[in-house]
Amino acid sequence: MDCRRCGTPLERPGDYCLVCNTSNCDAVVVAFERDRAELTMLDGEDVVGETALTTVPEADPEAEVVELRNFAGRVADEIRRKRPETVFASGDREVLREARAQLHHEFYRVAGEDPVSRVLDRRGERTLEVVETPPREKLGGAHSTLIGGRGGRKAIGVVADHPHVKKIVPGPIDAGGTGSRTGLRAKVTRADDNGNVRLLLRDGSSVQENRIVTTAMDRETGEFVRDDLNEALSEKELREN
């Protein structure tokens with residue numbers, strides 16, 4: 001690919017031209033998998049380039065931490081080469097979170113299995129903003145008690161760690177439910193018209209409904225956040241079927 005302004009050959013598609021100081025893409029869309037990241041460079045509504053980066057996850061937990069950081073760093077370096085105005089991302093939360101921590105661009109999570117098409121279809125609309133607030137500072141409201149002890153705190157932590165959760169407001173505890181022997185179970189309910197959801201915690205005969213304020217702007221994008229949260233709870237074996 002050549003620079004659109006001065007015609008200088010670019011080393012990689014969408015690279016910023018250092019000869020004439022011109023950006024050759026205004027957005028990068030990244031589809032993250034744990035072992036692969038596909039980057040698509042956009043200029044307006046045109047796809048100007050694509051590239052993919054891969055890694056081999058380590059089996060050893062300590063080595064995996066370093067491998068994950070290095071993989072996310074390679075993705076971040078590739079994005080910095082483009083100097084885009086905005087970065088859109090979807091897919092694996094771990095890699096996405098680590099890459100986001102290494103960048104200083106406007107960074108948005110986008111829903112859908114085909115993030116490029118979704119971004120192109122909805123350019124100019126507000127996207128899902130990533131919340132910078134630390135998870136421990138997202139909990140608030142008049143009720144501070146959580147049911148389920150350590151399990152309840154773990155479920156709240158999973159939700160608070162999500163990049164599109166702005167605030168968690170614990171609700172009152174109802175002790176009149178049906179008893180359960182399975183320990184604490186959690187479930188995120190359907191989104192309302194504003195894109196917010198509720199986290200139901202069940203522990204024995206006790207039930208607690210916690211309000212989750214998200215960055216979603218409507219029911220459709222709220223459902224994306226809900227699915228993501230329920231998947232995260234399932235990964236931690238906390239999900240109620």
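In what order do the strands of the open sheet of six strands stand? The order is 3-2-1-4-5-6, and the pairing is mixed. The legends below start from the whole chain and then move to close-up views.

**Figure 1. Overview of the predicted chain.** This is a predicted model, in which local features need pLDDT of at least 70 and side-chain atom pairs count only at pLDDT 80 or more, while totals for chains, interfaces and linings use all residues. Residues are numbered from 1 along each chain as its sequence is written, and side-chain values use heavy atoms, with hydrogens and water left out. The chain has five helices and eleven strands (DSSP runs numbered from the N terminus: helices are H or I with at least four residues, strands are E with at least two). Its C-alpha atoms fill a box of roughly 70 × 45 × 25 Å along the principal axes. Of the 241 residues, 46% are buried (buried means under 20% relative accessible area, exposed over 50%, and partly exposed in between, with a 1.4 Å probe and protein chains only). Among contacts with a separation of 6 or more, 59% are between residues 24 or more positions apart (contact means heavy atoms within 4.5 Å).

Figure 2. The order 3-2-1-4-5-6 describes an open sheet with mixed pairing. Strand 3 (46-54) and strand 6 (128-129) are the edge strands, each with a single partner strand, so one side of each has no neighbour in the sheet. Two strands pair if DSSP finds at least two bridges between them. Strand 5 (residues 106-109) and strand 6 run antiparallel and are joined by two bridges. Tyr108 has Glu129 of strand 6 as its bridge partner.

**Figure 3. Strand 1 between its two partners.** Five of the seven residues of strand 1 are buried, and the strand is mostly covered. Strand 1 pairs with strand 2 (residues 36-43) over seven bridges in the antiparallel sense; the two form a hairpin with two residues between them. In this pairing, Ala31 stands opposite Glu38 of strand 2. With strand 4 (residues 86-91), strand 1 runs parallel, joined by six bridges. Strands of a sheet pair through backbone hydrogen bonds, either parallel or antiparallel.

Figure 4. Val28 lies in strand 1 (residues 27-33) and stands opposite Val87 in strand 4. Its relative accessible area is 0%, so Val28 counts as buried. Beyond its neighbours within four places in sequence, the contacts of Val28 include Leu39, Thr40 and Met41, as well as Ile79, Lys82, Pro84 and Phe88. Val28 and Glu129 are 101 residues apart in sequence, and their C-alpha atoms are 15 Å apart in space.

**Figure 5. The largest nonpolar core.** This core has 25 residues, of which Leu199 and Leu233 touch the most other members (a nonpolar core is a set of buried Ala, Val, Leu, Ile, Met, Phe, Trp, Tyr and Cys residues joined through side-chain atoms within 4.5 Å). Two or more residues each come from helix 4 (150-160), strand 7 (165-169), strand 9 (185-188), strand 10 (197-203) and helix 5 (219-235). A second, separate core of 22 residues includes Ala72, Ile79, Phe107 and Val130. Leaving out residues up to four places away in sequence, Leu199 touches Leu233 and, among others, Ile156, Val159, Ala186, Val188 and Ile212.

**Figure 6. Cover of helix 4.** The buried residues in helix 4 are Gly152, Ala155, Ile156, Val158, Val159 and Ala160. Their cover includes strand 7, strand 9, strand 10, strand 11 (206-214) and helix 5.

**Figure 7. Two non-glycine residues with positive phi.** Arg83, in the loop between helix 1 (61-82) and strand 4, has a phi of about 50 degrees. Arg83 counts as partly exposed because its relative accessibility is 45%. Glu237, in the segment after helix 5, has a phi of about 60 degrees. Its relative accessibility is 65%, so Glu237 counts as exposed.
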